[in-house]
Amino acid sequence: MQQRSGGWKVINKWLGDKDLKPFKFQEEAWKAYLQGKSGIVNAPTGFGKTFSLFLGAVIAWIDAHPKDYTHKTKNGLQLLWITPLRALAKDLGRAMESALQELDVPWEVGIRSGDTSVAIRAAQKKQMPEVLIITPESLHLLLAQKEYPKVFTRLHTVVVDEWHELMGSKRGVMVELALSRLKGLRREQLRLWGISATIGNLDEALEVLLGPYHNDGIIIRSKLKKKIALKSVIPDEMENYPWAGHLGLKMLPQSLPVIHDSQTTLIFTNTRSQSERWYQSLLVEDPMLAGALALHHGSIDMELRIWVEEALHNGILKAVVCTASLDLGVDFRPVDSVIQVGSPKGVARFLQRAGRSGHQPGAVSKIFFLPTHALELVEAAALKAAMEEELIESKMPVILAYDVLLQYLMTLAVSDGFHANEIWEEVRQTFCYQHLTEDDWQWLLAFLTTGGDALASYDEFKKIERTGDFYICRSRMMAMRHRLHIGTIVSDAMLKVKFMSGGYVGVIEEGFISRLQVGDSFTLAGRNLEYVLIKDMTVLVRKSNSKKSIVPSYQGGRIPLSSNLGRKLREKFNEALSRNTKDPELIALQPLFNLQEELSHIPQANELLIEQIQTEDGYHLFVYPFEGRLVHEVMAALLAYRIGRIRPITFSIAMNDYGFELLSDQPIPLTADNAKQLFSTDNLLTELQTSVNATEMARRKFRDIAVIAGLIFQGYPGKHKANRHLQSSASLLFNVFGDYDPQNLLLRQAFNEVFFYQMEEARLRETLERIAVSKIVITFPQKLTPFCFPIKVDSLRDTMTSEKLEDRIKKLITNG
Amino acid sequence: MVGEIFHFQQQHWHLLPQRAIFWEEEKALILSDLHLGKAAHFRKAGIAVPAGIVQEDLFRLQQLITQYLPTRIIIVGDMFHSHENNEVQYFRIWRQQFSNISVDLVKGNHDIMPDALYGQLQVTVHDTLTLRNIHFIHEPCEDSNGYQYTFSGHLHPAFVMHGAGKQRLRLPCFYFGRHCGILPAFGHFTGSANLDPYSTDAVFVIAGKSIIRAQ
């Protein structure tokens, strides 16, 4: 080993006094850090990833100030620690503070997030702590303050925690942009580090973090492995099992033994509404759980969530029903079991959730898979196989997010203003914007200064002023509005829910409430509530004893199957068909497979199954590519479009992760003769673009884009009414841009997001190529099959038509 | 463009896909919810919606005027979106080419500009208006108000049709209830709200360039 520095020795002694020894990856990280390198640390949770970087910075500090490091204070901001979760910040800060105290380093650790009080912010402005833990949004808010560069004059290290979570999202782009500015301010003196769980494209993650032109980035991988034990809960009676019970409540009694035999159990569901139902049903099934069972999801009051997290720490809860809200985060030591209700849809997410249990280094993570419909048992088998082969998904980095860049430029404009050339150079160095063209850049600047192509001289557009190369926003009102809107997490308008008698319950989507009548009962935070009235963006409720209550469904709750899992899934179906399997899941499913085989067919890996069934709803066409709902959505639209060219026809479309359905009021002209041609890759891109659904999908994407780019006026807190004349829906904006400004970059971005992220064009092409060499099997079952049933009952549907509008209306009128 | 002549309440109403009605007996164009100045209002606040919307809306109105040669234009509220801005001035100039036609505005909740300004724009402002016992008021009424029939706006109505194969289609519409009819929004930069009519009500949907009776 190399010569240990003074600081290193101090750390080793401190650890030695506690009978601890650094892990090898931690020492590697310290070494790389002390050499002035940047990079990524990759290690499983529970092994001290935080200290691999935090202590590196402390060692360097002690080395630089060997004589007076124990009493040097007010040193200015040294280390910026970016975390995606506010909840993480507190525990992180506590851990750092106690280490610093024991090491006798008088650094201060501060937290900056949406929860930070005004007083603390003001104190930080006067004297920044040496370590600041911050969310991406709060970091951008810092950049939106006057004289922000002063904050960073001593900064030498930025650490981005949970980088694998941030990277694939627009929050990750916010981090990239903030880093580009900090690099611009601090140049060579800045070290950038990320902390990441294992993902399929760690090398790319490094490029995204450091920018495509970095040359000294390093990835430090720990050899430590987390042991995971996966067990499927197999239904007692397979024949009576509901094929499409999305919520899995029928299986609930079988989860009780797991809860009883464990110290603390986390029960992961995929949606908030599902978690509400599970919470209530568990209490009905086992009233003894009252008081020891809690609920945790994104719509529950923050204070209540914090209470649940504290209670988890202290081990006073027996079980918590939760959603992705507890995917990330601090370690709850008492948790020794995890139940996953329904498919987790991806290997990475499953591992993450499994890792929530057995947090001590070396402990085994126990996870129980509880299927919500029988076919999900095949997913459990597929998950097991994927885990063994370490087939972990990649996170696709976001590219050319014009909306985030517009927001960022406005951020710089409301603080000190910016010189376009300087920022252009910085932005081009990021991964996200490396291919931004000069034309696009000019368009973005114009969009902020003249509001796009202003045709008329009487135009009154006002936002950013320009003098030569310098851009600044001088309107205090607009600056204030912008600061309130910084961020990229867009949700439906949320309303607070409060009791008439006072007392806060949580938040709920406006869209859900608007469908309720006064007096209706609904469920939130595990309570039955009666809707009384809406006042000042608050829903007032009282307790309800009604037996019938509506569980809110939240948007965006559906996660698509990853391609890794899809591939494993097809292999498992193959295995099931061979009748030669040792997987208990597949053996349990044999009766269902027998029924499927009897009514229709079970596709082998080199086959594509198509079922044509007629019911009172009309003519159904079911196709099973097993590629996940996103790919199916696009394939369904494509197939509908191509069939629509044979003859005018209208379809309603439904899909799940295994396949999709086209439903029409007339027979569907797909035959053994034309099937291959209908699935060909010829003219793929053009036909995708002309399919109606691309526009509809783009319209949905545009909602977030419009909010992020500042086109949707959300009002001020508590002052929403005064600005009613500035309200418009994203859908309306999408229409007017399409009609009057079709070249608008934000519109283009919406379509790009559809093609690259949603449609996953590359994956679609691969699927079609696979189908091209597969055998297409068409069956005509007399009744619904086990495969098609879950799709048919899905109520979320798209429409695709090749009929003339007038003809459609006339038909609807005669039928209706 | 194909309109539909609806013979109703002893009058001839030409329902036009340009989102207006030509009232044959009165030689009047009836429209509602133009929201002139809305785009400029947004742009002034730094929200870069496209700038050409008002020109298109007024060009459409201009074409209707030259085609139907009305003597008056009745606007059933929300003619202007908010406070005065340059698009209002654009309207003033546009207005001059038709100074022989009277413009009657039945005030809507958005019409908040000072009265004197409407005078300068040659717009006569009414709280409500009644011609041949046909009543015009911005917000629709559910019950009978004593007049032969009432026309309103305000809602920006759209109609949803369902059919076999779980199909669904949503289009802006003209609605004729028992006592009150509702006009579609004329302005392009406006949203719409779904109507839930009784089976006895008449609904005409705007299907691109034609008008189709939906029920």
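What share of the contacts in chain B with a separation of 6 or more is accounted for by residues 24 or more positions apart? The share is 65%. Keep this value in mind during the tour, which passes through a predicted model.

**Stop 1: Chain B as a whole**

**Stop 2: The open sheet of chain B**

Remaining in chain B, select strands β1 to β7. They form an open sheet of 7 strands, in the order β1-β2-β3-β4-β5-β6-β7, and the pairing is mixed. Which strands lie at the edges of the sheet? They are β1 (4-8) and β7 (123-126) of chain B, each of which pairs on one side only. On average, neighbouring strands of this sheet are turned by 25° against each other, direction ignored.

Strands of a sheet pair through backbone hydrogen bonds, either parallel or antiparallel. For an example of the antiparallel sense, select residues 20-23 and 28-31 of chain B, which are strands β3 and β4; 3 bridges join them. Zoom in on B:Phe22, whose bridge partner in β4(B) is B:Leu29.

**Stop 3: B:Asp78**

Is B:Asp78 buried or exposed? A residue is buried if 20 or more other C-beta atoms lie within 10 Å of its own. B:Asp78 has 27 C-beta neighbours inside 10 Å, and therefore counts as buried.

**Stop 4: Chain A as a whole**

Now select chain A. This chain holds 31 helices and 27 strands, and 46% of its 816 residues count as buried. Among contacts in chain A between residues at least 6 apart in sequence, 76% join residues at least 24 apart.

Colour chain A by domain: domain 1 covers 6-221, domain 2 covers 227-388, domain 3 covers 494-543 and domain 4 covers 600-816. The centres of domain 1 and domain 4 of chain A, taken over C-alpha atoms, are separated by 44 Å.

**Stop 5: Strand β1 of chain A**

Select residues 38-42 of chain A, which make up β1. Why is β1(A) described as largely enclosed by the rest of the structure? The description applies because 5 of the 5 residues of β1(A) are buried. Both faces are covered: A:Ser38, A:Ile40 and A:Asn42 are buried on one side, and A:Gly39 and A:Val41 on the other.

**Stop 6: Helix α2 of chain A**

Select residues 24-34 of chain A, helix α2, and show the side chains of its buried residues, among them A:Phe25, A:Trp30 and A:Tyr33. The buried residues of α2(A) pack against α1 (6-17), β1 (38-42), α3 (49-64), β6 (191-196) and β7 (217-221) of chain A. The helix is followed by A:Gly36, whose phi is positive, near 85°.

**Stop 7: A:Leu400**

Select A:Leu400, in the loop between α14 (376-388) and α15 (402-414) of chain A. Its phi is near 50°, a positive value in a residue other than glycine. A:Leu400 counts as buried because it has 20 C-beta neighbours inside 10 Å.

**Stop 8**

In soluble globular proteins, nonpolar side chains tend to be buried together. The largest nonpolar core of this model has 285 residues; those that touch the most other members include A:Ile267, A:Val378, B:Ile30 and B:Val205. Helix α23 (residues 629-646) of chain A gives the most to this core, with 11 residues.

Finish at A:Val378. Leaving aside neighbours within four places in sequence, A:Val378 is in contact with residues including A:Leu569, A:Phe573, A:Ala576 and A:Leu589.

Key. Residues numbered from 1 in each chain as written. Chains lettered and ligands numbered in written order. Predicted model: local features only at pLDDT ≥ 70, side-chain atom pairs only at ≥ 80, totals over all residues. Contact = placed C-beta atoms within 7 Å. Buried ≥ 20, exposed ≤ 12 C-beta atoms within 10 Å, placed from the backbone. Helix = DSSP H or I, 4+ residues; strand = E, 2+ residues; numbered from the N terminus. Core = buried A, V, L, I, M, F, W, Y, C linked by C-beta atoms within 7 Å. Pairing = 2+ DSSP bridges. Axes fitted to C-alpha atoms, helices over the stretch in contact; angles between N-to-C directions. Domains from an automatic or database assignment.
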